[in-house]
Amino acid sequence: MSYTSHEIFQRSTAPVTVDEDKCIADKGCTVCVDVCPLDLLAIDLSKGKAFMKFDECWYCMPCEQDCPTGAVKVEIPYLLR
Amino acid sequence: MNTHVLEYDVVVVGGGTAGPMAAVKAKERDPSLRVLLLEKANVKRSGAISMGMDGLNNAIVPGHATPEQYTREITIANDGIVDQSAVYAYARHSFKTIEELDRWGVKFEKDSTGDYAVKKVHHMGSYVLPMPEGHSIKKVLYRQLKRSRVAITNRIVATRLLTDATGRVCGVMGFDCRTADFYIVRAKAVILSCGAAGRLGLPSSGYLMGTYENPTNAGDGYAMAYHAGAALSNLECFQINPLIKDYNGPACAYVTGPLGGFTANGKGERFIECDYWSGQMMWEFYQELQSGNGPVFLKLDHLAEETIKTIEDILHTNERPSRGRFHAGRGTDYRQQMVEMHISEIGFCSGHSASGVYVNERAETTVAGLYAAGDMAAVPHNYMLGAFTYGWFAGWNAAGEVAGREFSPLDDEQIAAERQRIYAPLERESGLAPAQVEYKLRRMVNDYLQPPKVTRKMEIGLQRFEEISADIEEMKADNPHELMRAAEVRAIRDCAEMAARASLFRTESRWGLYHHRVDYPQRNDSEWFCHTHLFKDEFGKMTSAKRAVEPYVLPLDNDESDAYQKLRIGERVSAPAAVPESA
C-alpha cells in the first residue's frame, strides 16, 4: 500500500462579515464582490448572500464603503489586531 | 477552459494610477486606436490608490517650487544616482498633470485666494499638496475611461509578454482568475503599469497580506519586463517605509507633518530633521529603532483637539481608512498616546525609492514596443503624480508609435510554453499549497535580504530561492483563484532573485538603509557613482552591468549636495561623501 497525500485545512475567522438581512445579492447585487482588489468575496448561490471566501484580506474597505445597503463589515484580521 | 484571442493597438496592463491615464491619453492622441486596459482586480477599485490618496507628495506648483529646484532635490535625495532628464521631464509636466486632474474633478486643497495650499515636508523645497477629499479619485478616473471609450477587462492575470522575431513586444498572455480562461492579447505596443513589487518581504507580523503596498501588486510587472528582455535599474535601492507597527498605513510625513506631528523616539524626542522618506531618513529611523532610545513613535499628543480631529478625518477616510479601527482595537488615541511605529517589509518601488524597470523620459523601456509607468518604472521618488505623468507620457508616445504599424505574427511556441506553465498547478493531482510556498519564500527574503545586507547571507538566500523554484513545480492549485496566487508566487520568486543579485552586484553602501551592506559599509563614488542594470543576457542568465549616470542637466551647488546626509538632529559635522557635480 502506498502513501497518499493528505491535506489538512487550517481554521481561520473571516475578517469580512455580511449582515444577511441587509445584503441584497439575491436581487442581483455584486458590488462587494466586484470591488475587492484581491477577489476574496463571493455570492453563496444557495442563500443569495455575499460572503468572504478566501482569507487574504488587506482590510482596505472598498467592500464596506461601496455596499449600497451597509451590509458589509471589515475588521482588522486577528493576527494584526 | 476556453482560449480568447483579442487584438488591440495598445494594451495597458494595470488599471491603478498610471494605467488609466495612459489609456486615456493614448485615445486622446489617436481616437481611432483600439486601446485595452487589462486589470487583475477591478479598475473601479484597483492599485495603490484603491481607497484614494490624501495628497500629492511631489507637486511642482508655480509660485511654490520650480522644476529645476525639484529635480535638484530629488537628485540629492537619491544620492546623485539619477538621470535628471527623466526627473526633469516629470517636473516640467507636473503642474499640467495637476491642472488636468483638477479639471477632471480631483479635489486639491486651496487657500482662501484659490491658490493651491502647498506645504513643506521635503528637506529643501515645498511640494506637498493635500487632498483631504482624495477618496474619490478612482471614481474620477473611471469616468474618464468610460468617456474616452477605453476597453476594459477585469480579473485577468497577465503573466508573460509575447515578443516577435525581432524581440519587439507584440502582446500579453494571461488568464482569468475566476474562470481560468486563457487570454492571448495581440498588441502593437504594451504599457506595463502593474505597480510595485509589494509582496517581496514578509511583514514582521507574519501576516502574508499585511503589506504596505496593495498585495495585488505582487511584482508581476517586474517579472514580465525581465522575461521580455527589459533592463531593470537600481533594484538594490529597496523600498522600505516607516509604518505604524502591525498596521500597514503610513502616517507622519505628508499628512501630520505640516500639522505639527513628528517622528519621535521612545523618550518623545524628535531625532530627525525631516520626515520626508529617503534612504538616509530610513537609516536614522532604523538606528533609533534598534537603539536604547527605541522604539520609534508618531507623536501627535501635543496637538490641539481641533488639529487632531482634522488629522483623524484625513487619515481615517483616505488611502488606508481601516486605520481608525486598528487604533480603536489597541486602545490608541492620538490625544493620549504616541503611536508605535516600525519599518515595512522590503519591496521594489520607484514611486518611493528608485527600484524599477528602466525608462527614459518618453516612458520607453529598453525593449521595442514596451513602455512602463508608475511605481514599477524607474523614475526615482515619482509617487502618485509621477505615475499619472509618466502614464500620460507612455500613452501619448505609444499611440504615436503604433500609428500605421501592423501586428506581428504570433509565436505558437511561446504560447504553448506559457499555457503549460500557467496551468500546471491546476492539472496536478496533489501538491504544495501556493500560500505555504509564498510564506516560506517571503520569510527567506526577510532572513537573507533585509538590510543591513550581508554578502554570505544573500548568497545563501540565492540558494534557497533556487530550491523554491523546485517547490514551485510542485504547487497544486484547487481553483482559478489559487492559480492566480500560484502565478504570483512565481513572480515573487523572480523578484527575490533579482533583489539578491542586484544587491550583491553593488559592492558599496548607498541610499541609507535601502542598500546598507555591512561588509561594504562606505559609499564608494569612484567605483559606484553609476546606475546598475539587471537583465536577462543572451544565454538566458540573470546579469548585472554598470550604466553611467547621464551628465546632469542641472548641476548641484556644493553646499546643497549633501543636505540629505545631515538628517539626524545634533549631528551636523560629519558627512564625508559629497555628490560630485556631474558624472
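**Loops, a sheet and a chain contact**

Tutor: B:Asp79 sits in the loop between helix H2 (67–77) and helix H3 (84–104) of chain B. Helices (H or I, at least four residues) and strands (E, at least two) are DSSP runs, numbered from the N terminus.

Student: Before that, how are things numbered, and what kind of model is this?
Tutor: Residues are numbered from 1 along each chain as its sequence is written, while chains are lettered from A and ligands numbered from 1 in the order in which they are written. This is a predicted model: local features need pLDDT of at least 70, side-chain atom pairs count only at pLDDT 80 or more, and totals for chains, interfaces and linings use all residues.

Student: Ok. What's the phi of B:Asp79?
Tutor: Phi is positive there, about 55°, although B:Asp79 is not a glycine.

Student: Is B:Asp79 buried or exposed?
Tutor: B:Asp79 counts as buried because it has 28 C-beta neighbours inside 10 Å. The cut-offs are: buried with 20 or more other C-beta atoms within 10 Å of its own, exposed with 12 or fewer, partly exposed in between, with C-beta atoms placed from the backbone.

Student: Which residue other than glycine has phi near 55°?
Tutor: B:His381 has such a positive value. B:His381 lies in the loop between strand E15 (370–372) and helix H10 (383–402) of chain B, and it is buried, with 24 other C-beta atoms within 10 Å.

Student: Where is there a cis peptide bond, with omega about -10°?
Tutor: That bond joins B:Gly294 and B:Pro295. B:Pro295 is in the loop between helix H7 (279–290) and strand E12 (296–299) of chain B. A cis peptide bond also joins B:Pro451 and B:Pro452, with omega about 0°. B:Pro452 belongs to the loop between helix H12 (434–449) and helix H13 (455–472) of chain B.

Student: Now the sheet. What order do the 4 strands have?
Tutor: In chain B the order is E10-E13-E12-E11, an open sheet with antiparallel pairing. Two strands pair if DSSP finds at least two bridges between them.

Student: Which strands stand at the edges?
Tutor: Strand E10 (242–244) and strand E11 (262–264) of chain B do; each has a single partner strand, so one side of each is left without a neighbour in the sheet.

Student: And what joins E12(B) to its partners?
Tutor: E11(B) and E12(B) run antiparallel and share 3 bridges, and E12(B) pairs with E13(B) over 3 bridges, also in the antiparallel sense. B:Leu298 is the bridge partner of B:Thr263, and the partner of B:Leu298 in E13(B) is B:Val339.

Student: Which way do the residues of E12(B) point?
Tutor: B:Val296 and B:Leu298 point one way, B:Phe297 and B:Lys299 the other, and all are buried. In a regular strand the side chains alternate between the two faces of the sheet.

Student: Last topic. How many residues of chain B are in contact with chain A?
Tutor: There are 27, in contact with 20 residues of chain A; contact means that C-beta atoms, placed from the backbone, lie within 7 Å. On the chain B side, helix H9 (residues 323–330) gives the largest share, 3 residues.

Definitions and conventions: Two residues are in contact if their C-beta atoms, placed from the backbone, lie within 7 Å.
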